[in-house]
Amino acid sequence: MTNSHILSIQTALRGLNYDPGRPDGIFGARTRVATEAWLKAGGRPAVTIQPSDAGMLYQGAARHPVEEIVVHCAATRPLWMAAVPLAAKLAEIRRWHMQERGWSDIGYHYVIDRDGEHVPGRPINRIGAHVVGRNQGTIGICLLGGYEAAASDRFQDHYTPAQDAALRALIGDISRRTRIKRISGHNDHAATACPGFDVGKWLASAA
């Protein structure tokens with residue numbers, strides 16, 4: 001039986017570019033080494049940004065500059081797994097992607113819950129698996145919800161005010177770490193309803 005608190009720690013460590021192994025809720029040797037390294041670094045990410053790289057994040061061995069954020073939805077019902085921690089929901093999405101699709105990890109870099117809590121998924125320095133043909137140099141953010149959404153729907157039709165605030169804050173945080181040139185929705189790149197609203201109009205609504 002896995003421990004949700006340990007699973008959350010492992011997920012957070014991966015988001016900071018430490019390697020606790022596959023998140024499994026078990027505090028094994030790799031998780032212990034990763035935790036000790038994180039503590040030794042004073043809570044800072046494992047990847048050191050060189051002076052020439054200041055203000056820019058890169059992904060993969062080819063160092064693709066991260067310049068775009070793509071918003072997604074999980075297409076889950078509003079009360080999906082409502083009584084369990086976000087770490088367990090993240091683990092379930094990771095299971096979908098790894099066991100059912102055969103991917104190496106969860107495809108998204110962040111997941112935002114209905115109450116606005118968010119957790120890292122795939123480390124941001126790794127190329128994601130969230131938009132066919134547009135994964136390099138992009139960060140995928142997934143909102144829980146969006147069941148039976150249409151591309152023409154409004155944000156508030158499927159998501160909460162807490163998610164609105166959290167998504168805007170997360171976009172702001174990422175934009176301070178790298179030079180984001182575009183914020184888009186999955187439906188801007190593929191014939192899909194995801195994330196269930198027009199991201200451009202949603203961004204403009206705060207202006």
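This is a predicted model: local features need pLDDT of at least 70, side-chain atom pairs count only at pLDDT 80 or more; totals for chains, interfaces and linings use all residues.
Biologist: Which residue has the backbone oxygen that the side chain of Gln59 reaches at 3.1 Å?
Modeller: Residues are numbered from 1 along each chain as its sequence is written, and side-chain values use heavy atoms, without hydrogens and water. At 3.0 Å, the side chain of Gln59 reaches the backbone oxygen of Thr138. At 3.1 Å, the backbone oxygen is that of Ile124.

Biologist: Is Gln59 buried or exposed?
Modeller: Gln59 lies in strand E1 (residues 58-59); strands (E, at least two residues) and helices (H or I, at least four) are DSSP runs numbered from the N terminus. Buried means under 20% relative accessible area, exposed over 50%, and partly exposed in between, with a 1.4 Å probe and protein chains only. The relative accessible area of Gln59 is 0%, so Gln59 is buried.

Biologist: Now the sheet: which are its edge strands?
Modeller: The order in this open sheet of 5 strands is E5-E4-E6-E3-E7, with mixed pairing; two strands pair if DSSP finds at least two bridges between them. The strands that pair on one side only are E5 (118-120) and E7 (182-185).

Biologist: And what is the bridge partner of Val111 in E5?
Modeller: Strand E4 (residues 110-112) is antiparallel to E5, and the two pair over 3 bridges. For Val111, the partner in E5 is Val119.

Biologist: Which class does the ring pair of Tyr159 and Phe197 belong to?
Modeller: Rings of Phe, Tyr and Trp (its six-membered ring) pair if their centres lie within 6.5 Å; planes under 30 degrees apart count as stacked, over 60 as edge-to-face and the rest as tilted. Here the planes stand at 75° and the centres are 5.8 Å apart, so the pair is edge-to-face.

Biologist: How many residues apart are these two in the chain?
Modeller: Both Tyr159 and Phe197 are buried. Tyr159 sits in the loop between helix H4 (155-158) and helix H5 (161-177), and Phe197 in the loop between E7 and helix H6 (199-204). The pair thus joins distant parts of the chain, and its separation is 38 residues.

Notes:
A polar contact is a pair of N or O atoms within 3.5 Å; within protein, one must be able to donate a hydrogen and the other to accept it, and residues adjacent in sequence count only if both atoms are side-chain atoms.
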